Amino acid sequence: MTHQTEQQWLEQVRALMLRGDFATAGSALGVALSGFPKSFELRRVLAALHRQARREGEAESLLRLLLDERPQDAGCAFALAQLLIEQGRTRGAGEVLRRSFDGADPDANLAIHAIEMLDEADRKSDAASIAEHATAAMPGDPRLHAYAGMLALQLGRFERAREHYLAALAQSPQACEWHAPQGLASAQRYSDAAHPDFALFDACLQRSELSGHARSTLLFALGKAYDDVGDYAKAARYFRQANALAHSLTRWSRKAWRRTVEARLASAPMARHAAAIDDFVPIFIVGIPRSGTTLLAELLSRYPGVCNRGEMPWIAKLSGRADLSGNLSEDALQGAASFYAAQTRRDDAPAARWFIDKQPLNFRYVDLICALFPHARIIHCTRNARDTALSLWTQSFREDVQGYAYDFGDIATVMRDCARLMAHWQSRCPQVISTVRYEQLVAQPDRTLTTLAERIGITTSRVSAAGPSASISTASLWQARQPVHSASVQRWRAYAPFVPELLKFADA
């Protein structure tokens, strides 16, 4: 057995690992390495065993050593990047993956894997760098152009986004399935219906092979385009078609939503709280989407020491953990709080103390937030109900959790339940919840921000004149990059003749 070849050892160890017999695999690997101590492949498997055994430090050291030997080894680069991301060291992960593509042979699938990993880790600039490098090396791959367009859009590079989206559409009809038309529409404000995008969108709609989702996003793109040029009748017609189709495809359930809300309202107060984490104050901006959450986060992030992390998924994910429901243990709470803090702090904002999580639907979990972070600040954004309903109804969302936005009855249900839940949480922990009205924010931004910042403890001695965050991935990615304005206040009035359902909502 000790006379096996290197390849035979590899096959044996990998088979043991696939069966979950990691102890035997480790013993076999020790014997194999005694005979082949310089084997790159055996040492890479050893790094995987270190990770499985939660010996992250040993895994990282070994993976870095292997990458020093072979800087373009994709297996080691992705393994190390994933390890770093799990520890909140996303800047380091971006550096590792970018370095692995320097001088490497072009490989579209590896580039897409890296782009998706870094995009999910909110390293948009690193992902965009890899995407640009890949499209330059492989300009005929429409998938790469679609990814590069998406990232350029989120980074506010609107002209570059258009170039990539147009290239993707020219190269493959599949680009409609990758939301390229919606990306094009989001990358600018149209001033004339003679713009070639209008004809392009119409031509795409004629394709019989389009999926329902692609057709729906095309209709939303056309609605948005006609809204830009002030043709609200046509815009409403396209939005109505888009919403009907999207509603037929969504998996969102009003019954399931109501069941969840009632369970949250009936839940007992959480008796235990995690200890505060030094120099870490999370700010949660909640409310109905399209109520000004993105704008408020962008404006608050201009104060020193404040970092805007966008819409983070972690509170919703933590709420589903079995050890964070019912009779909570202090260890479970502290572990969850530390995990969230690591994913929020990361390694790219050493001077920050306040961290914004602007996932609007976190209004469902305010009790959990207060238990995890006794010093958290929660800001509830509100807006005119008719304007909010219209803004939701004119958006194409990719997440099933936003499926209520395609039906006015569902929108009314979620609005009502948001108000019920926030009133409920306000009665339990009034000291941590502040309310900001969108209309007041856009009418008096400086005064509103100063009052809010002082209440939640942010230093207001100075505010940066810098622009918005490097990346914005919400539906407000264009609006949040414009100067603060009140043009969207009472916007519903332009649509009232064509969308009478809006009149069923209170004008407040």
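A disulfide here is a pair of cysteine sulfur atoms within 2.5 Å. By that rule, the structure, a predicted model, has zero disulfides. C176 is buried at 1% relative accessibility, with buried meaning under 20% relative accessible area, exposed over 50% and partly exposed in between (1.4 Å probe, protein chains only). C370, at 13%, is buried as well.

Because the model is predicted, local features need pLDDT of at least 70 and side-chain atom pairs count only at pLDDT 80 or more, while totals for chains, interfaces and linings use all residues. Residues are numbered from 1 along each chain as its sequence is written, and side-chain values use heavy atoms, with hydrogens and water left out.

Now to the aromatics. Rings of Phe, Tyr and Trp (its six-membered ring) pair if their centres lie within 6.5 Å; planes under 30 degrees apart are stacked, over 60 edge-to-face and the rest tilted. The count comes to 19 aromatic pairs. One of them joins Y190 and F198, whose centres are 5.3 Å apart with planes at 70°, so this pair is edge-to-face. Both of these residues are buried. Y226 and Y238, by contrast, are stacked, at 5.7 Å centre to centre and 10° between the planes. Y226 belongs to helix α13 (residues 212-228) and Y238 to helix α14 (residues 232-249), 12 residues apart; helices (H or I, at least four residues) are DSSP runs, numbered from the N terminus. Y226 is buried at 8% relative accessibility, and Y238 is buried at 13%. Elsewhere, F220, F239, W393, Y406, F408 and F505 make up one aromatic cluster.

Helix α7 (residues 108-120) runs for 13 residues and spans 18 Å from first C-alpha to last, close to the 18 Å expected at 1.5 Å a residue, where the expected span is 1.5 Å times one less than the number of residues. Its buried residues are A108, A111, I112, A114, I115, M117, L118 and D119. Among the elements covering them are α5 (74-86), α6 (90-101), α8 (124-137) and α9 (142-154), with contact meaning heavy atoms within 4.5 Å. After the helix comes D122, with a positive phi near 65°.

Methods. Helices (H or I, at least four residues) and strands (E, at least two) are DSSP runs, numbered from the N terminus.
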